[in-house]
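Take a walk through this structure with the sequence at hand. We begin at one residue, then widen the view and come back to details.

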Amino acid sequence: MEVKDLQPALVFEIFDEITKVPRPSKKEGKIRKYLLDFAAKHNIAVKSDEVGNIVMSKPGTPGHENAPTIVLQGHMDMVCESNDKSFDFENNPIKTIVDGEWLRADGTTLGADNGIGVAASLAVLIDPNLTHGPIECLFTVDEETGMTGAFGLGKDMITGSILVNLDSEDDAEIFVGCAGGVDTTCTFHYNRSQAPTDFQYFRIEIANGLGGHSGGDIHLGRANANKLLARFLWQVSQKYEVSLSEIDGGNLRNAIARAAHAVVGVHTSNKEDVRIMLNNYVADIENEYKGLEPNLTITMSSVDTPEYTIDSTTTLNIIRAIYGAPHGVVSMSRELEGLVETSTNLASVKMKPDNQIVVTTSQRSSVESRKWDIARQVEAVFQLAGAKVTHGDGYPGWQPNLQSPIMKIASDAYEELYGIKPAIKAIHAGLECGLFKSVYPNLDMVSFGPTLRDVHSPSERMHIPAVDRFYNQLRRVIEKVADLKA
């Protein structure tokens, strides 16, 4: 069975088209063209702004022209993670696989985050059997790497008083709040040294971790490859002189690092001891992550002596800082049971030109002061290690409003359709809603979506029956709003 044959047919036909359009963050040109062509093909009014956001609008059906305008919102870009490092996300389509009740990709992220939200919005615009008031569909750019579209949204782009964000990931759950976030970047400058010739060099590699979303999956306790690598390097450095030539791990600020590696040397007289240390370390990690990380591997192989290594002082500073820096859940909410309040993700370690090593981290919290507190803790650790530390602008959280009219409408819609009262929740991941609220303070907002799992990783998958429920709920919400008076 192919994607276009799934139900609801209209949504999956459009989603199938979207998977064939490359759309990495900050490189949304092709998906923007697809959206503009879609509007032209269906004679839908469309406008865009300076940062690349697109709004399509449609008047209400006869008799509902004066209902409140509802804004449907999703983001164009997707996280690009692949098991095959040669996969070209800028040019290649996503290969989809129907796997029982789940839809997944062939070794890459699926892009259901947030392609399914975009597809549902477009389906609403051309659904011939839907009664609706005025509709605006807002598609933002660069949500995944900086929320550039939400930050740059002009005050005249949308006119609606109700916004439905279609970027959450759990069926039968309605979200009315989200965490704020900030990135903390730590830069080391190192000197190159001649590699000692009496050292044995190894490539130590952590691979095949589950990874996942640094907000939605951070509470699951999955392995962070950067932390595991630094932990072993620190253990070795406590017993022997180490010579570090190369270090790399993770990719995206909002993904838990699935893989990392280092090229490191020890004196030839200690090489067998280090092999034994690794075997013991592997046994420890397998025990710690038993049942949680089924495919995680830690390997060490001999490599040729490199020409240069990182100076010894910076080597130890990097190892100590990455090992010592916090990662994971910091605190849980006391207001909403089961909600992570504050967390931090040690996302990536990259060697750059001009003898720089850049460590990227990301902090989230539903409490603004605690967001900055954990960011400054990370800053303090890396300052002690001699790194230059900077923070991004960050983005605000979305404060829950449990009296929200659109929340009640969305909840009633699901219960009427399926006889289940959906859970009302906040999400630890960052949604764009907080930024929309700063520009349009009177917006009444809610977020819901179908069940997605392992987003931001090649294991990303979407529950097909949940998509049908999601779209039916969305249609019912729109019909209910159409019966209201503006």
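Start at threonine 108. Apart from neighbours within four places in sequence, threonine 108 is in contact with Glu81, Ser82, Phe87, Phe89, Ile94, Ser457 and Pro458. Contact here means heavy atoms within 4.5 Å. Threonine 108 sits in the loop between strand 5 (102-105) and helix 3 (112-126). Helices (H or I, at least four residues) and strands (E, at least two) are DSSP runs, numbered from the N terminus. Is threonine 108 buried or exposed? Threonine 108 has a relative accessible area of 2%, so it is buried. Buried means under 20% relative accessible area, exposed over 50%, and partly exposed in between (1.4 Å probe, protein chains only).

A word on the basis. This is a predicted model: local features need pLDDT of at least 70, side-chain atom pairs count only at pLDDT 80 or more, and totals for chains, interfaces and linings use all residues. Residues are numbered from 1 along each chain as its sequence is written, and side-chain values use heavy atoms, with hydrogens and water left out.

Now step back to the whole chain. The protein chain has eleven helices and 23 strands. Its C-alpha trace spans about 85 × 50 × 40 Å along the principal axes. Of the 486 residues in the protein chain, 58% are buried. Take the contacts in the protein chain with a separation of 6 or more: 80% of them join residues 24 or more positions apart.

Next, go to the start of the chain. Proline 8 lies in the segment before helix 1. The peptide bond from glutamine 7 to proline 8 is cis, with omega near 5 degrees. Most residues other than glycine have a negative phi, and most peptide bonds are trans. Helix 1 (residues 9-19) has the buried residues Val11, Phe12, Ile14, Phe15, Asp16, Ile18 and Thr19. What do the buried residues of helix 1 pack against? Their partners are helix 2 (29-41), strand 4 (96-99), strand 5, helix 3, strand 23 (461-463) and helix 11 (464-482).

A cis peptide bond joins aspartate 113 and asparagine 114, with omega about 5 degrees. Asparagine 114 is found in helix 3.

Two packed helices are described by the angle between their axes and the distance between the axes. Axes are lines fitted to C-alpha atoms, for helices over the stretch in contact, and angles run from 0 to 180 degrees between N-to-C directions. Helix 3 and helix 11 pack at about 45 degrees, with their axes 11 Å apart. That makes helix 3 oblique to helix 11. Angles under 35 degrees count as roughly parallel, over 145 as roughly antiparallel, 65 to 115 as roughly perpendicular and the rest as oblique. Helix 3 contributes Ile116, Ala120, Ala123 and Val124 to the contact, and helix 11 contributes Val467, Phe470, Tyr471, Leu474 and Ile478. By class, this contact of helix 3 with helix 11 has nine nonpolar, no polar and no charged residues. Ala, Val, Leu, Ile, Met, Phe, Trp, Tyr, Cys and Pro count as nonpolar, Asp, Glu, Lys and Arg as charged, and the others, Gly among them, as polar.

Compare another pair. Helix 5 (residues 225-239) and helix 7 (residues 312-324) pack at an angle of about 130 degrees, their axes 8 Å apart. Helix 5 and helix 7 are therefore oblique to each other. Here seven nonpolar, three polar and three charged residues form the contact of helix 5 with helix 7.

Aspartate 142 has a phi of about 55 degrees. Aspartate 142 lies in the loop between strand 6 (135-140) and helix 4 (148-152), and it is buried at 3% relative accessible area. Alanine 172 has a positive phi of about 65 degrees. Alanine 172 is in the loop between strand 7 (162-165) and strand 8 (173-178), and its 22% relative accessibility counts as partly exposed.
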